[in-house]
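Welcome, and thanks for taking a look at this one with us. Have the sequence and the model side by side, and let's walk through its charged side-chain contacts.

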Amino acid sequence: MAKKIRCRVAGGCVVCMTCMYACPVQAITLIPDVSAVIDQEKCIGCCNCYESCQPGAIVREEIDE
C-alpha cells in the first residue's frame, strides 16, 4: 500500500497566516482568532506549511492511500 504525506493542524496555532501564504494550492483557510484549517482534498503534501509554521502547530504524518 502506498503512503501519502499529509499535514494537519494539531494545536497551538496563533493564526499568523504564515502557512496560508506558504501553501502553493491555497489549501489553508483561517478561522479568525481560532486556528488554521487544511483542506485535505486540496492538499498536495508539499509540507510548505509545516516547514513555515513557527509555533509548530502543524504536524506532518504518513497515511495509507
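This is a predicted model: local features need pLDDT of at least 70, side-chain atom pairs count only at pLDDT 80 or more; totals for chains, interfaces and linings use all residues.

Among the residues to look for are Arg6, Arg8 and Glu61, which are linked in a network of salt bridges.

**The Lys3 pair**
- Lys3 and Asp64 join their side chains in a salt bridge, with an N to O distance of 2.9 Å.

- Arg6 and Glu61 meet through their side chains in a salt bridge of 2.5 Å, N to O.
- Arg6 belongs to strand 1 and Glu61 to strand 4, so this pair ties together parts that lie 55 residues apart in sequence.
- Arg8 also forms a salt bridge with Glu61, and here the closest N and O atoms are 3.1 Å apart.
- Arg8 is in strand 1 and Glu61 in strand 4, 53 residues apart, and the pair again links distant parts of the chain.

**Exposure of the partners**
- Lys3 has a relative accessible area of 52%, so it counts as exposed, the cut-off being over 50%.
- Asp64, its partner in the salt bridge, is partly exposed, with a relative accessible area of 46%.
- Arg6 is partly exposed at a relative accessible area of 24%.
- Arg8 is partly exposed as well, with 33% relative accessibility.

Terms used
Residues are numbered from 1 along each chain as its sequence is written. Side-chain values use heavy atoms; hydrogens and water are left out. A salt bridge is a side-chain nitrogen of Lys or Arg within 4 Å of a carboxyl oxygen of Asp or Glu. Buried means under 20% relative accessible area, exposed over 50%, partly exposed in between (1.4 Å probe, protein chains only). Helices (H or I, at least four residues) and strands (E, at least two) are DSSP runs, numbered from the N terminus.
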